[in-house]
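Let us walk through this structure one element at a time. Keep the 3D view open and follow the residue numbers as they come.

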Amino acid sequence: MFRIALKGILGRKARLVLTSLAVILGTAFLSGTSVFSATLNKTFDDLFADVFKNVDSYVRSSQVIEADFGQEERQRIPVELVDLVAKVDGVTSVTPDLQAFARIVGSDGKPLGSDGQGPPTFGGIFMESDVSLWTIAEGKAPVGPNQAAVDQASAKAGKLKVGDTVKIIGQAGSREFDLVGIASYGDVRSPGGATFALFDQPTASEFLAKPGFIDAILIAGDDSVSDTELSRRINEVLPTDSKTETLTGAEITKETQDQIGSALAFFGILLSVFSFIALGVGCFVIYNVFSISAAQRQRENALLRAIGASKRQITSAMLVEAVVVGIVGSAVGMIAGIGLSQGLSAMLRALSIDLPSGGLTVPSSAITQTLIVGTIVTLASALLPARRAGKVPPLAAMRDTAIETAGPSRKRSIFGLAFITAGIGFVSAVTAGADTSLLGFGILGVFIGVIILGPVIARPVALFLGRPAARFRGVTGIMARQNSARNPKRTARTSSPVFIGVSLVVAVTALASSIKGQIDSVFSEQFKGDFAVSIDSFGFGGLSPSLATDIAKMPEVAGAAGLGLITAKLDGKGQYISAVDPTAIAGIFDVGLVGTTYADLTDSSIFVKDTRAEKKDWTKGSTVNLTFANGTSQTFTVAGVFDGENISDYIINKSVFEGTNIVNFDTSIFIKKAENVSEDDARAVLDKTVKDYGQGELLNKREYIDSRSGNVNQLLGLIYGLLFLSVIIAIVGIIITLLLSVFERQRELGLLRAVGMTRQQVRTTVRWESIITSLLGAVMGIVLGIGLGWVIVFALRDQGLTTFSLPVSSTIFIMVMSFVVGVMAAIYPAWRATRVDILNALATN
């Protein structure tokens, strides 16, 4: 039987290729993700090992606040420590280091990098020494308050050259510098695509942070003692109240490599999710192909049973075929994944994300994982069809044709309804107040139930969707409608990839539409001003507080208020805290203060979100202790609560930061024009001020509200990426199913051609069959997706999401695209159907 199985595979090479396609698509993403992640980790590990190769010790503050999304803010240290460290026995070189927000403006007046998306924009110190992280590739090192250098990638992107005047934005504001040097970081033009503006130490500290403060000290030793001993000596001379720590060169290298690895891990996980979705959806295609194959070989298997083959042998033969398909598909997918990883690297370079040079890394784990996962998925998908093939009776060899059994059983209906009922039960429990973690079980139960009930639903829905084709396309439309409905199991399985992709996209689109509607409503009510300067830099950098001050002094402006964001530690955990000037923001932006006014916000008080105050059991007069990034702690009194929307649950007075080295940027500036100034005149002078500053975008009230709700589109972009994968696999699945269906119906097609059906009519029949199948998946997906979206919105009601919005335009677009998918998938099968030889087809049994 093993030899028979192998001969059967070799005798049906086209079927082997078609079945392997679904495996190849899924495993290509899986192997590509593994290879790409391993290559990135290896190249960055090598980069930082090279960058820190001359660093024997590293001094920094021990005070750090870790915030959400992996961000952290570490206290800065006084520059006077550099001289103390330089006097330590065994130290030969010391270099101060600073890494803070800075934005380079290109020669065309546009800032380099992107606001809050993509690689960060840094500023730092350049000093020529044995332990410097940077080397000058062109020009000279910057010296004095008017000179700067930039990285090679920024110089190229901004069309900047040595001798130019370059505008750079930092915490102290916007300034112009003489560009005297262009630097490289190790063997790359810029690390990971980040932009870097470099200054001497006094200028960097004053412009980017606070005069007299730096982030760290890089130290090289004379090799007379070990790095550990050198670090111990340095630690001994540092004042105990400086709150510093000294790491060895190996420790800071390992920590930096681990941080980059953690950042890259998220990217790898994201790609892995794509690949496993592709494999999951591909399971339906593999299962469908093996089911059709088992039905088409029913007579062949019955003959084997008649001459003595057992059920187990028939089943084993098909499973052998599945193993071969899995191995072949996974092997090809592995090779395709290597090409995909190189494509991802090229894409990052096209996005100006410069990667360190290095060869491709193909870990053995990636090869093993791809082959094992691909084979197991294929084997699992083929298990049920193989078992059905083994149950074929020997008498089936006497039948003239063999077609897959189409009728869904009562057991299927019972199981499907049971899963749906259980899923609805979990969802109902969540809507009644149960833990939202149960929502996942409810959604999964409904999905499984609908998939099980697919064949039951497919026939009536396919007949309904096929009515327009039957009415307007005549006999070809009638035949396409009946072909889609006569085998509901196959139709349901073929449409399942479309169903899964569409339901997920519609659900998230409905959620995004509801969030955007909520944002529109909230900001329309809270924003009382006329203009806003916006920048998407959540958590890192932003607009200098000096810009809001300068705008407020303009005669065309009645008031301007910056909304700042800082990091502080509360109850041992990092939190984002909003910072405002209460006198400036009153009358411009209303956060929904309850029983209090902005005047109550002093340098020792705090406003708290009502839901947060209720959870913490805080009332007016309660105390809240915050620890800031400079190591200082302060106790604030709750002066009131607010019930409006804000980027943080806490609001404090900006005066708290005066005279400190706490990093303080504005994320937005809200502006109210003077009463006697027209909107056009106010916009003209404000636009000039913002452009002269070099960063941020001036928007009127409507534009600002639209930009806030438009941020939700990033989430949609991610989900549409998932849909794209589902669409590819759905198209492949429909193509394979139609091709096998054409092969199965060769005699039928030959008879139709013999009695006068034209090739055009054959193409039309196959095309409409494909369209009906695709629309079936879309309709089921849209109905379930809308329901799923409503459930998610309802579950998030405690988070302030109170309104469900139906995405009508997106739903119509999805239906249109499903129609297009059906047309595209039918092109090749329809052509193959017209190539059937009439005489040979009539002779086929």
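This is a predicted model. Begin with strand β23, and find Phe642 in it. Phe642 is the bridge partner of Leu593.

Strand β21 (residues 605-609) runs parallel to β23, and five bridges join the two. Look at Ile606 to find one of the pairs: its bridge partner in β23 is Val638. Strand β22 (residues 623-628) is also joined to β23 by five bridges, but here the strands run antiparallel. In this pairing, Leu626 has Gln634 of β23 as its bridge partner.

Now look at the turn. β22 and β23 form a hairpin with four residues between the strands. Gly631 of this hairpin has a positive phi, near 90°. While you are on strands, keep one rule in mind. Side chains in a regular strand alternate between the two faces of the sheet.

Next, move back towards the start of the chain. Which strands make up the open sheet there, and in what order? The order is β5-β15-β1-β16, four strands with antiparallel pairing. β5 (91-97) and β16 (244-248) are the edge strands, and each of them pairs on one side only. On average, neighbouring strands in this sheet are turned by 20° against each other, with direction ignored.

Zoom in on one pairing of this sheet. Strand β1 (residues 57-61) and strand β15 (residues 216-221) are antiparallel and share four bridges. Tyr58 stands opposite Leu218 of β15. Helix α6 (residues 227-237) lies across β1, β5, β15 and β16. Its direction is at about 165° to that of β16.

Turn now to the helix pairs. Helix α11 (residues 410-431) and helix α12 (residues 438-452) have axes that come within 7 Å and cross at roughly 160°. An angle over 145° counts as roughly antiparallel, so α11 is roughly antiparallel to α12. The crossing of the two helices is left-handed.

By class, the contact has 14 nonpolar, five polar and one charged residues.

The axes of helix α13 (residues 454-465) and helix α16 (residues 488-526) come within 8 Å and cross at roughly 100°. Angles of 65 to 115 degrees count as roughly perpendicular, and α13 and α16 are therefore roughly perpendicular to each other. Gly454, Pro455, Ala458 and Arg459 make the contact from α13, and Pro488, Lys489 and Ala492 make it from α16. Sorted by class, these are four nonpolar, one polar and two charged residues.

Finish with the charged pairs. How many salt bridges does the structure hold? There are 19. One of them joins Asp666 and Lys654, whose closest N and O atoms are 2.5 Å apart. Asp666 sits in strand β25 (residues 665-673), and Lys654 in the loop between β24 (650-653) and β25. The two residues are 12 residues apart, so described as linking distant parts of the chain.

Technical notes: Residues numbered from 1 in each chain as written. Predicted model: local features only at pLDDT ≥ 70, side-chain atom pairs only at ≥ 80, totals over all residues. Heavy atoms only, no water. Axes fitted to C-alpha atoms, helices over the stretch in contact; angles between N-to-C directions. Parallel < 35°, antiparallel > 145°, perpendicular 65-115°, else oblique. Contact = heavy atoms within 4.5 Å. Nonpolar A, V, L, I, M, F, W, Y, C, P; charged D, E, K, R; others polar. Pairing = 2+ DSSP bridges. Left-handed = near helix turned anticlockwise from the far one by under 90°. Salt bridge = Lys/Arg side-chain N within 4 Å of Asp/Glu carboxyl O.
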